[in-house]
Amino acid sequence: MGGSGSTRRVVVEDARDEDVVTISEAVVRRLQGQPEAYEAIPETKPTAPPQFFKPETFESKSSSLLTKDEEDFFTQKLQELQQRNAALQKLTNEEFAKAVQEVEEKFVKTTSSPICQDLQLKVIECYHANPTEVLNCASVVDAFTTCVERAG
């Protein structure tokens, strides 16, 4: 139901005369009950979109579609929505700025000078001097750890 593969094509041409409508011969044959003759229909691209109304007629009708009260009502609603949108935009911007500030406080590192650099060098030298006996460096590592804890 509704799944037939019918490919009927109806062509209605506007002759720019209000009382005349031209139809294709295939439509005439179908209306007369004659079998369709399948012929190649050349593809044509329209040069301009078809107009189904006269623009001046549409404009005059559209201006009279709403009463003054309805137009005022919708204008008021539009202004309220714009104000609400502006308030939400401001709130969103403030929340975003606050979130950016929090992220910067947590993750942006400040540049500072190295701490306990002399003890760090002594730890590295001790590990290089004692590659198989790292416990010999315990006192230097303890001194470095204490220095870092005091600085932090």
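Okay, let's start with the aromatics: the count of aromatic pairs here comes to one. That pair is Phe 73 with Phe 74, sitting edge-to-face, with 5.3 Å from centre to centre and 70° between the planes. Keep in mind as I go that this is a predicted model.

Now the stretch around them. UniProt, in an unreviewed entry, places a "coiled-coil region" at residues 71-98. In the model that span is 100% helix and 0% strand, and its end C-alpha atoms lie 41 Å apart.

Let me zoom out for a second. The protein has five helices and two strands, and from the N terminus on, the order runs β-β-α-α-α-α-α. Out of 152 residues, 5% are buried. If you take contacts between residues at least 6 apart in sequence, 27% of them join residues at least 24 apart. The accessible surface comes to about 14,400 Å², and 56% of that belongs to carbon and sulfur atoms.

Next, a residue I'd like you to look at: Cys 116. You'll find Cys 116 in the loop between helix 3, residues 68-107, and helix 4. Its phi is positive, about 50°, although Cys 116 is not a glycine. Cys 116 is also buried, with a relative accessible area of 9%.

That takes us to helix 4, which covers residues 117-129. Helix 4 has 13 residues and reaches 18 Å from first C-alpha to last, close to the 18 Å expected at 1.5 Å a residue.

Which residues of helix 4 are buried? Leu 119, Val 123 and Cys 126. Looking down the axis of helix 4, those buried residues fall within an arc of 65°, so they line one face of the helix. If you want the background for that, an α-helix has 3.6 residues a turn, so residues three or four places apart point the same way.

And what covers that buried side of helix 4? The cover includes helix 5, residues 138-151.

Terms used. Residues numbered from 1 in each chain as written. Predicted model: local features only at pLDDT ≥ 70, side-chain atom pairs only at ≥ 80, totals over all residues. Heavy atoms only, no water. UniProt positions renumbered as here; feature names shortened; annotations may be inferred. Helix = DSSP H or I, 4+ residues; strand = E, 2+ residues; numbered from the N terminus. Expected span 1.5 Å × (residues − 1). Buried < 20%, exposed > 50% of the residue type's maximum accessible area, 1.4 Å probe, protein only. Arc of directions from axis to C-beta. Contact = heavy atoms within 4.5 Å. Areas by Shrake-Rupley, 256 points an atom, 1.4 Å probe, with all protein chains shown as cover. Phe/Tyr/Trp six-rings, centres within 6.5 Å; stacked < 30°, edge-to-face > 60°.
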